[in-house]
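Hi,

Here is the structure I promised to pass on. Have a look at it first, and my notes follow below.

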Amino acid sequence: MDTSPSSPPTKKRKMATDTTAAEQEHQFPLPAILTHPSATPPILITQGAEGRLYKTTFFSPNIPCALKYRPPKPYRHPILDARLTKARLAFEAKVLERCRREGVPVPAVYAQNAAAGWIAVEWIEGAPVRVKINEWLGQRPKNEEEEKAADAKDQGPLVELMKRIGAAIAGLHRTGVVHGDLTTSNMMLRPPTRKTTRTTEQPNGVSEEEAKAKLLEGYVVIIDFGLANQSQSDEDRATDLYVLERAFASTHPRAENLFEHLLESYKQTFGKKGVSVLHKLEDVRMRGRKRSMIG
């Protein structure tokens with residue numbers, strides 16, 4: 001029997017321990033790609049009906065990435081489930097690569113293994129547009145009369161953001177891609193790179209007005225293309241906009257009246273085609289209202 005004192009745990013053992021701890025924390029097995037020794041244990045960001053999103057690293061600990069994993073569905077036949085998962089992830093990667101080539105603001109694809117059920121894409125720094133809009137609205141007066149006065153005075157930053165969103169969606173539709181699940185949760189606001197910082201009399205170097213305006217600064221990046229499709233149909237594009245319009249009204253009711261700025265920017269960016277899409281949007285709205293009335 002070896003009676004020599006045990007050696008201290010190696011780095012590899014520590015990594016394995018970190019991975020095991022991550023599995024216990026998530027309460028379900030990690031995808032195989034995330035069980036290998038790594039300097040950065042994966043972090044579960046969110047779990048949906050179709051998959052899980054992890055924050056991890058790609059190739060180097062200094063390159064963060066988002067890994068989307070679609071686990072097997074026990075309620076489906078294994079062969080059918082594997083085929084559907086492989087086709088869905090391969091198509092998602094294809095759509096993202098096409099959008100990147102056309103200059104649409106979407107995450108870059110780093111790697112994929114559709115057969116294993118995962119795709120690794122660029123990690124977008126910043127916060128969801130939903131969070132930033134609600135944070136900005138939360139700083140505004142809640143009294144109706146005071147809010148109307150504030151609307152006339154300082155709604156500029158939010159209007160500019162709506163225009164940037166409209167232009168990004170127009171670029172997406174121009175490539176022949178419809179998102180399928182447009183919401184402000186599926187858009188990120190990537191903060192701009194700052195080389196210099198203005199100084200003011202405020203202790204932190206930024207005035208209250210500047211700090212408020214900076215909440216909505218940044219580049220709009222569209223994410224989560226799990227339900228995307230390729231289509232040149234005005235009907236499909238209008239439906240994409242209608243889904244966003246309904247989601248926006250539900251999530252940001254205090255800013256619902258500003259949605260028209262998004263549509264105007266969409267039309268200007270998309271040109272004549274944008275005009276026909278917005279005409280079709282009126283038809284989609286009418287059908288939506290009828291369904292709501294009928295129940």
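Helices (H or I, at least four residues) and strands (E, at least two) are taken as DSSP runs, numbered from the N terminus. Counted that way, the protein has nine helices and 10 strands. Please keep in mind that this is a predicted model: local features need pLDDT of at least 70 and side-chain atom pairs count only at pLDDT 80 or more, while totals for chains, interfaces and linings use all residues. Residues are numbered from 1 along each chain as its sequence is written, and side-chain values use heavy atoms, with hydrogens and water left out.

Overall picture

Of the 295 residues, 40% count as buried; here buried means under 20% relative accessible area, exposed over 50%, and partly exposed in between (1.4 Å probe, protein chains only). Taking contacts (heavy atoms within 4.5 Å) between residues at least 6 apart in sequence, 65% join residues at least 24 apart.

Helices H5 and H7

H5 (residues 156–174) packs against H7 (residues 234–251) at an angle of about 150 degrees, and their axes are 11 Å apart. That makes the two helices roughly antiparallel. The axes are lines fitted to C-alpha atoms, for helices over the stretch in contact, with angles running from 0 to 180 degrees between N-to-C directions. Angles under 35 degrees count as roughly parallel, over 145 as roughly antiparallel, 65 to 115 as roughly perpendicular and the rest as oblique.

Which residues meet there? From H5 come Met162, Ile169 and His173, and they meet Arg237, Asp240, Leu241, Leu244 and Phe248 of H7. By class, this contact has five nonpolar, one polar and two charged residues. In that scheme Ala, Val, Leu, Ile, Met, Phe, Trp, Tyr, Cys and Pro are nonpolar, Asp, Glu, Lys and Arg are charged, and the others, Gly among them, are polar.

Salt bridges

A salt bridge here is a side-chain nitrogen of Lys or Arg within 4 Å of a carboxyl oxygen of Asp or Glu. By this rule the count comes to 13. Three of them are described here.

- Glutamate 92 and lysine 68 meet at 3.2 Å, N to O. Glutamate 92 lies in helix H2 (residues 78–101) and lysine 68 in strand E3 (residues 60–69), so the pair ties together parts that are 24 residues apart in sequence. Glutamate 92 is buried at 4% relative accessibility, and lysine 68 is buried too, at 16%.
- Arginine 287 bridges to glutamate 235, with the closest N and O atoms 2.2 Å apart. This pair links distant parts of the chain, 52 residues apart: arginine 287 is in helix H9 (residues 272–294) and glutamate 235 in H7. Arginine 287 is partly exposed, with a relative accessible area of 35%, and glutamate 235 is partly exposed at 27%.
- Glutamate 282 and arginine 285 pair at 2.7 Å, N to O. Both lie in H9, three residues apart, about one turn of the helix. Glutamate 282 is partly exposed at 40%, whereas arginine 285 is buried at 15%. Elsewhere, salt bridges that share partners join Lys68, Glu92 and Asp224 into one network.

Glycine 271

Where does glycine 271 lie? It is in the loop between helix H8 (259–270) and H9, and it is partly exposed, with a relative accessible area of 29%. The C-alpha atoms of glycine 271 and alanine 170 are separated by 9.3 Å, although the two residues are 101 apart along the chain.

Best wishes
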